Amino acid sequence: MTTRHSQLFDPSEVFDDDYLYFYAKHLGDERSDEDAGLISSLGPVSAGDRVLDLACGHGRIANRLALRGASVTGLDFSPHFLDLARREASERDTAVEYVLGDMTDLPWSNEFDLVVSWFTSFGYLDDAGNRSVLTEIHRSLRPGGRVLLELNHAPSWWGRILPSSIVRRGDDLMVDQVTYDPVTGRWHNRRTIVRDGRVRTVNFETRMFTFVELRDWLLGAGFRRVDGFGRDGTPLTLASRRMIVRATR
């Protein structure tokens, strides 16, 4: 993937088969069905709506929204993830347009009723790049269209970020060593993968947001209304670890 803004790390080193393997319980059918239902409710999504799943990955949400009657396009940087998404769409006997592309340079204007950015798919660029993504989303939406952003809720993590965490599958390990920089608002992660006797380490970072900060970024990008919710569409509180932000063009 190439972008018009500073790429802080190589996403292909983070979002790959190891990612799918260690995050399997978060990306399985039950969770994916729940996510698609929540998106349909909060969007809302009606039959025939044009929907863009931005950073769609292996299509777990895009394919489900298509099965609900939406006309769905999925964009991702990874040819491998897009191949997996197309394969699943074929197995589910549904149609989704999958596009290889860059979220800072979307090829659409006034096209979609809803843009979905789910499971912390936003915030991996420098601040100029992240703002550009919001501007591109705004341009791609029809008047009255909405975007749903689902990501970490920064205040709930302050003071309780663990210096390290481990995900284990059999003898395989994913070890995250995390620090938070309050000056930049960034979560820095040194991730070590131990799988099938192989060991590799990758560094990446994610921009963490309060609702108010992200709301102001969205208003600055041209959106006229911004609402915030907790993980299940409930009211956003200090204890909400996940945040859903809905903005209307």
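The model is predicted, so local features need pLDDT of at least 70 and side-chain atom pairs pLDDT 80 or more, while totals for chains, interfaces and linings use all residues. Residues are numbered from 1 along each chain as its sequence is written, and side-chain values use heavy atoms, without hydrogens and water.

Trainee: How many cavities of 30 Å³ or more does a search of the whole structure find?
Mentor: Take a 1 Å grid over the protein atoms alone; a cavity is a set of points where a 1.4 Å probe fits but cannot get out. Points join across faces, edges and corners, and volume is the space filled by probe spheres set on them. The search finds two.

Trainee: Which residues are closest to the centre of the largest cavity?
Mentor: This cavity holds about 490 Å³. Lining residues have an atom within 4 Å of a point. Of the 34 in this lining, the closest to the centre are Phe15, Ala55, Gly57, Asp76 and Ser121.

Trainee: How many charged residues are in the lining of the second largest cavity?
Mentor: Its space is about 50 Å³. Asp, Glu, Lys and Arg count as charged; Ala, Val, Leu, Ile, Met, Phe, Trp, Tyr, Cys and Pro as nonpolar; the others, Gly among them, as polar. The lining has five nonpolar residues, no polar ones, and charged residues numbering five.

Trainee: Which residues lie nearest the centre of the largest pocket?
Mentor: A pocket is an open set with protein on both sides within 12 Å along at least five of seven lines. This one holds about 920 Å³. Among its 29 lining residues, the nearest are Tyr23, Asn152, Trp157, Asp176 and Trp187.
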